[in-house]
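Good morning, everyone. Please bring the structure up on your screens, and we'll walk through it together.

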Amino acid sequence: MKRIWKSYFSFSSKERIAMVLLLLLMGVFITAPYVYEPSFESAPADSALINFVQKVNAEDSLLHVYPKELVKEESIIIKPAILFYFNPNTLDLAGWQKLGLSERTGKTILKYISKGGRFRVPEDLRKIWGMPAALAEKLIPYTQIPDAVKPSHFTQTTLHPKMPKTPEAFDVNMAGEDQWESLPGIGSVLAKRIMAFRNKLGGFTAMEQIKKTYGLSDSVYQLILPFLKIQVDHIPKDDLNTISFYQLKKRTHLADDLIRSILLYRQKNGLFQSVLELKN
């Protein structure tokens with residue numbers, strides 16, 4: 001163990017001298033910045049750069065004193081405004097200047113009006129280029145436009161709402177698609193379904209058959225029922241002595257057992273002489 005320790009941590013005389021010199025150099029480089037402070041000569045002043053910086057500082061202070069809207073004008077001098085009621089579509093240049101606008105802005109407005117432009121509502125003053133926002137807010141209450149359109153919550157439509165047209169009653173076996181669509185709750189799709197179901201049955205013989213149309217809810221059926229009627233002359237008639245099981249089922253929607261009983265009665269007793277024989 002002692003031999004291993006000695007082989008790793010023992011140094012020769014040359015190695016010890018080199019280590020001491022290395023430590024001295026490291027100490028010199030570490031302490032040098034604290035002992036020696038270099039001095040640099042100041043760069044010569046550039047007069048053009050100094051003038052530019054002073055100019056920028058002066059403009060920046062000006063922007064903090066006056067609003068940005070006023071800086072766009074040819075002059076930042078604010079003229080005192082004399083407020084009075086006016087029509088912006090007929091006011092002359094002197095009137096605009098009394099209100100506090102510059103001559104340039106006043107001429108811009110007069111040029112706009114001479115080319116057919118006009119102010120429709122007082123709030124249009126905010127759209128004038130060069131008009132300070134604060135001044136526009138002061139002038140709007142004094143602006144009078146005789147034909148200005150003022151929004152109203154009580155329009156003619158609100159006072160006199162258009163009442164929906166009441167549909168007229170019609171015969172369900174003679175009605176077209178337009179008549180079905182005139183009913184409340186019936187659209188184009190549902191109208192076509194009712195007519196297709198009617199054609200499949202060969203015609204409606206009772207109102208309850210309409211209720212069985214696919215997609216027709218009971219609430220809508222009750223809503224349209226007062227406008228529906230079935231005229232006896234328009235009810236399609238079938239021959240009870242020649243009608244088949246399928247036709248009778250489609251036309252009457254009776255139970256299968258009852259239809260079989262009717263056909264069996266006809267087979268045993270011959271042709272029906274009257275509809276009253278169905279009671280048998």
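Start at Leu-23, which is exposed, with a relative accessible area of 55%. Exposed means over 50% relative accessible area, buried means under 20%, and partly exposed is in between, with a 1.4 Å probe and protein chains only. Leu-23 sits in helix H2, residues 13-35. Helices here are DSSP runs of H or I with at least four residues, strands are runs of E with at least two, and both are numbered from the N terminus.

Two words on where this comes from. This is a predicted model, where local features need pLDDT of at least 70, side-chain atom pairs count only at pLDDT 80 or more, and totals for chains, interfaces and linings use all residues. Residues are numbered from 1 along each chain as its sequence is written, and side-chain values use heavy atoms, with hydrogens and water left out.

Next, helix H10, residues 188-201. It has 14 residues and reaches 20 Å from its first C-alpha to its last, close to the 20 Å expected at 1.5 Å a residue. The expected span is 1.5 Å times one less than the number of residues. Buried in H10 are Leu-190, Ala-191, Ile-194, Met-195, Phe-197, Arg-198 and Leu-201. They cover an arc of only 160° around the axis, so they lie on the same side of H10. The arc uses directions from the helix axis to the C-beta atoms. Why can that happen? An α-helix has 3.6 residues a turn, so residues three or four places apart point the same way. On the other side of H10, Val-189, Asn-199 and Lys-200 are exposed. Just after H10, Gly-202 takes a positive phi of about 85°.

Now the salt bridges. A salt bridge is a side-chain nitrogen of Lys or Arg within 4 Å of a carboxyl oxygen of Asp or Glu. The count is five. One of them joins Arg-126 and Glu-137, at 2.7 Å from N to O. That pair links distant parts of the chain, 11 residues apart: Arg-126 is in the loop between helix H6 (103-114) and helix H7 (133-139), and Glu-137 is in H7. Another joins Asp-124 and Lys-127, with the closest N and O atoms 3.5 Å apart. Asp-124 is buried at 14%, whereas Lys-127 is exposed at 68%.

Last, the aromatic rings. Rings of Phe, Tyr and Trp (its six-membered ring) pair if their centres lie within 6.5 Å; planes under 30 degrees apart are stacked, over 60 edge-to-face, the rest tilted. There are seven pairs. Trp-96 and Phe-119 form a tilted one, 6.5 Å centre to centre, with 40° between the planes. Trp-96 lies in helix H5 (residues 93-98) and Phe-119 in the loop between H6 and H7, so the pair ties together parts 23 residues apart in sequence. Trp-96 is buried at 0%, and Phe-119 is buried at 5%.
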